[in-house]
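Keep the model open beside the text as you read.

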Amino acid sequence: MRKKNLKNQSKLSRRRFLGLSAIGTASIMGASTVSLLSCSSDPKILFPKKPGSSPQGTSLEKSEYSAIIIGTGYGGAVSALRLGEVGVDTLMLEMGRLWDSPGADGQVFCKMTNPDGRAMWFKNRTEAPLSQFLWIDAVNQNIEPYAGVLDRLNYENMSVYVGRGVGGGSLVNGGMAVTPPMDYFREILPQVDAAEMYGKYFPLASMHLGVNHVPTDLLEESSYYRFAREGREQAHNAGFRTSLVPNVYDFSYMQSEEQGTVYKSAFDAEVIYGNNAGKRSLDKTYLAEAVGTGNVTIKALHRVEEISIDSRGYYNLEVSQIDEYGNLLAQHHFSCKHLILGAGSVGSTEMLVKARDSGKLPNLNSEVGKGWGNNGNVMTARANHMWNPTGIKQSTIPTLGINDWDNPVNPVFAEIAPLPAGFEHWISLYLAITKNPERGHFEFDPVTGKVNLKWGAAQNQPSVDSAKAMFDKINSANFTIYRYDLFGDNKAFADDFTYHPLGGCVLDKATDNFGRLKEYENLYVNDGSLIPGNTGVNPFLTITALAERNIETIIKEDILS
Ligand code: FAE
């Protein structure tokens, strides 16, 4: 058994190494296509098309694949690795760029404290969740429109943050890799075998993602974690439990940051606009392994506009290729037998709703577009006493959560979040995950051709009520108050955005129990859209583990049989 594990691990590292080299070579050559061929010495073979080389696209370009995956986030990356492993010729299409080549400042990503175009997806100004300080609009800054790494999709009563680039949300997220309580998992996905998930797929996902735990000395002694220790003590004063939160940020790297021997990433305001070091994002893990199989090609800056089906039952994709400044370089047509949507809760749902309601895939069922939730996200902040500073410098990687999920009336799991501003502000910031039962849906507008999220402002109230119950208690136990100057409109609770979009194509409703769209053969969803609106914790570990489970059955029953 041990021998088998060691053999598997060395296969995994070799593949990861080959894939990482391919991703690295592609970025050095400024290419938008990554495959193992990119290790060849002939750049013409490597990159059939370099951005800008031909505005019309090239006739030499391969256009038919056994499988195409839309999106390179968690669900897409897992699907690609497993298809690549069994020899399926797979193309991944990603609308964002490959984040591996430095800008003029020598770094790939910009810092939160000094954002530029790399921060956001084609915006004139950054749109950070915490937009003010002392009621002054001092946080957001004007930037050049560019294919930046973080996008904020603004719908009428809800904004959704998503990652853009090869690696999807893994490029911008806080890396918190949390397993949901088993009882709650059973409640939200009763048709999934929980014992199998907890015995097999959560551990498998954790291993591939590189999940690790904060060392005690860092958490207990580093000045960069003063904010976390303060938040923990104040929660304990109010009688709440706290728990350690595992992460994919490499804590041994962070220890070197603490010692001052390496480039500071988490310790120098890098996270939502990307980390230049330390973070095990998907391009370093699953995607590198997938490319390392030799059967997976990634095309970045390729956005899927439309999906249809032809008389052979093959899926046809209309795809726009842009450069980093948004110029249209080419329009491509790709086709495949097996199509997997891994474009995230909003991306995948939008594409399917549009395909159904514009008549391209008219038989898709009416559950497609329903059951969307924001994981009950609410952000709030408290003002501490002068004698409880939270630290001039703060690590951007959260390591502690306040865990009151067992509360029968107001279940909350709240991340003790950093607010690295470079000066002492005495603020404790939190991202609360609550059990909000409200659900939204997506509607296609035939006039604009756009798909909109329908979510009412009142639907946020259950989340605010639960978060308020927790933080009223913490304030009262510590004789503190909320901060009203950070989120606009004198609000103590930011309830108009989410980091955790979930649902839209819910498992066993819009799809079968493994993500197959029931009305069309060989059409699948394998990402956050499958999860019915809430996970009770930060969601990417659940998305990854569920994707592992689904693709295993899909490969066995639909692809290899
Ligand atoms: P996702 O990772 O969003 O990937 C979808 C990909 O598809 C993206 O790369 C898109 O650019 C691409 N795409 C979309 N539409 C198209 C199209 N038409 N054509 C081509 N490509 C397309 O999907 N979760 C945690 O568990 N822990 C955390 O600490 C955490 N922190 C977060 C912090 C921030 C700021 C944000 C924004 C999110 C955070 N999340 C966190 C949420 C987590 O990143 C998210 O649940 C997953 O990334 C969702 O994974 P999916 O595979 O569903």
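## Helix H8 and its cover

In this predicted model, helix H8 spans residues 251–259, and its buried residues are Phe251, Tyr253, Met254, Ser256 and Glu257. Here, buried means under 20% relative accessible area, exposed means over 50%, and partly exposed lies in between, with a 1.4 Å probe and protein chains only. Helices (H or I, at least four residues) and strands (E, at least two) are DSSP runs, numbered from the N terminus.

Helix H6 (216–221) is included in what covers the buried residues of H8; contact means heavy atoms within 4.5 Å.

## How the numbers were made

Residues are numbered from 1 along each chain as its sequence is written, and side-chain values use heavy atoms, with hydrogens and water left out. As this is a predicted model, local features need pLDDT of at least 70 and side-chain atom pairs count only at pLDDT 80 or more, while totals for chains, interfaces and linings use all residues.

## H3 against H12

Now look at helix H3 (residues 74–85) and helix H12 (residues 540–559), which pack at an angle of about 35° with axes 8 Å apart. Axes are lines fitted to C-alpha atoms, for helices over the stretch in contact, and angles run from 0 to 180 degrees between N-to-C directions. The H3 and H12 crossing is right-handed, which is to say that the near helix is turned clockwise from the far one by less than a right angle.

From H3, the contact uses Tyr74, Gly75, Val78, Ser79, Arg82 and Leu83; the H12 side includes Phe540, Ile543, Thr544 and Ala547. By class, this contact of H3 with H12 has nine nonpolar, three polar and two charged residues. Ala, Val, Leu, Ile, Met, Phe, Trp, Tyr, Cys and Pro count as nonpolar, Asp, Glu, Lys and Arg as charged, and the others, Gly among them, as polar.

## H7 against H11

Helix H7 (residues 226–237) packs on helix H11 (residues 461–478) at about 90°, with the axes 8 Å apart. H7 is therefore roughly perpendicular to H11, a label for angles of 65 to 115 degrees. Gln234, Ala235 and Asn237 of H7 meet Ile474, Ala477 and Asn478 of H11. That contact of H7 with H11 has three nonpolar, three polar and no charged residues.

## The cysteines

How many disulfides does a search of the whole structure find? It finds zero, a disulfide being a pair of cysteine sulfur atoms within 2.5 Å. The sulfur of Cys336 has its closest cysteine sulfur 17 Å away, in Cys505, so the two are too far for a bond. Cys336 is buried at 0% relative accessibility, and Cys505 is buried with a relative accessible area of 0%.

Definitions and conventions
Angles under 35 degrees count as roughly parallel, over 145 as roughly antiparallel, 65 to 115 as roughly perpendicular and the rest as oblique.
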